[in-house]
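Let us walk through one chain, step by step. Keep the sequence and the 3D view side by side as you read.

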Amino acid sequence: MPADEQSVLPGMPGVPWWGAILIAAGITAVGATIDALTNSSLGLLYNVFYLIGCVAAVLAVRRRALFTAAVQPPLVTLIIGLISLYGLTLANGDAGKPQGMRSAVLNIALPFSNLFPWIFGTFV
């Protein structure tokens with residue numbers, strides 16, 4: 001097996017770039033779903049699953065696709081987080097009301113400012 005086809009783990013073939021995205025997004029989505037259903041927000045459980053998913057993606061990806069796995073953490077948390085938080089807003093029935101739109105924006109945008117240390121740490 002060529003060296004650029006291997007993962008970081010010795011002797012293990014790596015997954016393609018899209019496999020790394022699926023691994024990170026899938027594990028993060030599981031954490032977001034569990035956290036949203038139990039806490040009605042995204043908290044520590046979401047952050048832990050996000051970290052595990054992104055690290056697993058970096059360890060499993062082919063060496064030549066490592067760039068994709070390295071730059072995906074902010075995008076994964078943005079997309080999965082937005083979908084989860086918007087789903088929570090819809091489940092609460094606030095999205096259709098005028099004051100509900102303002103609260104939806106605040107409920108979706110503010111958690112991302114709190115996630116910055118996790119996003120930065122996972123990226124590093």
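Buried residues make up 33% of the 124 residues in the chain. Here, buried means under 20% relative accessible area, exposed means over 50%, and partly exposed lies in between (1.4 Å probe, protein chains only). This is a predicted model, in which local features need pLDDT of at least 70 and side-chain atom pairs count only at pLDDT 80 or more, while totals for chains, interfaces and linings use all residues. Residues are numbered from 1 along each chain as its sequence is written, and side-chain values use heavy atoms, with hydrogens and water left out.

Start with the overall plan. The chain has four helices and zero strands. From the N terminus on, its elements run α-α-α-α. Helices (H or I, at least four residues) and strands (E, at least two) are DSSP runs, numbered from the N terminus. The accessible surface of the chain comes to about 7,200 Å². Carbon and sulfur atoms hold 74% of that surface. Accessible areas come from the Shrake-Rupley method with a 1.4 Å probe; for residues, only the protein chains shown count as cover.

Now look at contacts, meaning heavy atoms within 4.5 Å. Take those between residues at least 6 apart in sequence: 68% of them join residues at least 24 apart.

Begin at the segment before helix 1. S7 lies there. Is S7 buried or exposed? S7 has a relative accessible area of 0%, so it counts as buried. Set aside its neighbours within four places in sequence, and S7 is in contact with M12, P13, G14, L59, A60, V61 and R63. S7 and R64 are 57 residues apart along the chain, yet their C-alpha atoms are separated by 9.1 Å.

V8 is found in this segment too, before helix 1 (17-39). V8 has 42% relative accessibility, so it counts as partly exposed. V8 belongs to a nonpolar patch on the surface, along with L9, M12, L51, V55, L59 and L66. Together these residues have about 500 Å² of accessible area. Patches are made of residues with over 30% relative accessible area and no salt bridge; like charges are joined within 9 Å, and nonpolar side chains (Val, Leu, Ile, Met, Phe, Trp, Tyr) within 5 Å. A salt bridge is a side-chain nitrogen of Lys or Arg within 4 Å of a carboxyl oxygen of Asp or Glu. Which helix gives the most to the patch? Helix 2 (residues 44-60) does, with three residues.

Move on to helix 1. Its 23 residues should span 33 Å at 1.5 Å a residue, and its end C-alpha atoms are 33 Å apart, so the two values agree. The expected span of a helix is 1.5 Å times one less than its number of residues. The buried residues in helix 1 are G19, A20, A24, T28, G31, A32, D35 and A36. Just after this helix, S40 takes a positive phi of about 60°.

Helix 2 comes next. It has 17 residues and reaches 24 Å from its first C-alpha to its last, close to the 24 Å expected. Y46, N47, Y50, G53, C54, A57 and A60 are buried in helix 2. N47 has a relative accessible area of 8%, which is why it counts as buried. Not counting residues up to four places away in sequence, N47 touches L115 and W118.

The structure holds one aromatic pair. Y46 and Y50 form this pair, and it is stacked: 6.4 Å centre to centre, with 10° between the planes. Rings of Phe, Tyr and Trp (its six-membered ring) pair if their centres lie within 6.5 Å; planes under 30 degrees apart count as stacked, over 60 as edge-to-face and the rest as tilted. Why are Y46 and Y50 separated by about one helical turn? They are four residues apart in helix 2. An α-helix has 3.6 residues a turn, so residues three or four places apart point the same way.

Helix 3 (residues 66-92) holds V76. V76 is buried, with a relative accessible area of 6%. Leaving aside neighbours within four places in sequence, V76 is in contact with A24, A25, T28, Y50 and G81. The C-alpha atoms of V76 and T28 are separated by 7.7 Å, although the two are 48 residues apart along the chain.

Finish in helix 4 (residues 98-123), where G121 is found. G121 counts as partly exposed because its relative accessibility is 45%. G121 and P73 are 48 residues apart in sequence and 9.7 Å apart in space, C-alpha to C-alpha.
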